[in-house]
Amino acid sequence: QLQLVESGGGLVQPGGSLRLSCAASGFRLNYYGIGWFRQAPGKAREGVACISFSGGGTNYTDSVKGRFTISRDNAKVYLQMNSLKPEDTAIYYCAANWGSCPTPHRYNYWGQGTQVTVSS
C-alpha cells in the first residue's frame, strides 16, 4: 500500500521541542517535494513548511520561522520543532507532490496525521 506515515507527535510543555518524521511506505521520496501542514480544531488547514525534492530549497510560514526546521535524508523527512507554543497545537500532516512542493489541493500522497499538543 502506497502511503505516508507520520510519527513523533505528543504532549509537550511550552518552550519544549518535538521532532516529527514522515516516512513513505511502498514508494521512495526521492523525487517528491514534501510539505508539512497542520490543522487545529475549528481552524483552516495551513502549510507549515516545505522542502524541495533535492533538499536545497525550504519554505516556512511566518509563524514558525526561526523555530521549526524541515530536513530530509534518503528515507524520511523531518520537522524539528523548537520553542513550541500553545498555538502550535494541531494535527500535523505530511504530504508529497511529484517534483514540487505540495499544496492542500495539489499532492500525490497525504498522511493520516500526528497530534501535537503544547500545554502546561
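Residues are numbered from 1 along each chain as its sequence is written, and side-chain values use heavy atoms, with hydrogens and water left out. Because the model is predicted, local features need pLDDT of at least 70 and side-chain atom pairs count only at pLDDT 80 or more, whereas totals for chains, interfaces and linings use all residues.

A search of the whole structure finds eight aromatic pairs, where rings of Phe, Tyr and Trp (its six-membered ring) pair if their centres lie within 6.5 Å, with planes under 30 degrees apart counted as stacked, over 60 as edge-to-face and the rest as tilted. In one of these, the ring centres of Tyr31 and Trp98 are 5.8 Å apart and the planes stand at 40°, so the pair is tilted. Tyr31 lies in the loop between β3 (18-25) and β4 (32-39), while Trp98 lies in strand β9 (residues 90-98), so the pair ties together parts that are 67 residues apart in sequence; strands (E, at least two residues) are DSSP runs, numbered from the N terminus. Tyr31 is exposed, with a relative accessible area of 53%, and Trp98 also counts as exposed, at 54% relative accessibility (buried means under 20% relative accessible area, exposed over 50%, and partly exposed in between, with a 1.4 Å probe and protein chains only).

Tyr32 and Trp98 form an edge-to-face aromatic pair, at 5.2 Å centre to centre and with 90° between the planes. Since Tyr32 lies in strand β4 and Trp98 in strand β9, this pair ties together parts that are 66 residues apart in sequence. Tyr32 is buried, with a relative accessible area of 10%. Ring pairs link Tyr31, Tyr32 and Trp98 with Phe27 and Tyr109 into a cluster.

Arg45 lies over the face of Tyr93, at 4.7 Å from the ring centre; a charge sits over a ring if NZ of Lys or CZ of Arg is within 6 Å of the ring centre and within 35 degrees of the ring normal.

Strand β8 (residues 76-81) pairs with β3 in the antiparallel sense over six bridges, two strands being paired if DSSP finds at least two bridges between them. In β8, Met81 stands opposite Leu18. Strand β7 (residues 68-72) likewise pairs with β8 in the antiparallel sense, over five bridges, and Thr69 stands opposite Gln80 in β8. Three residues lie between β7 and β8, which form a hairpin.

Conventions. Helix = DSSP H or I, 4+ residues; strand = E, 2+ residues; numbered from the N terminus.
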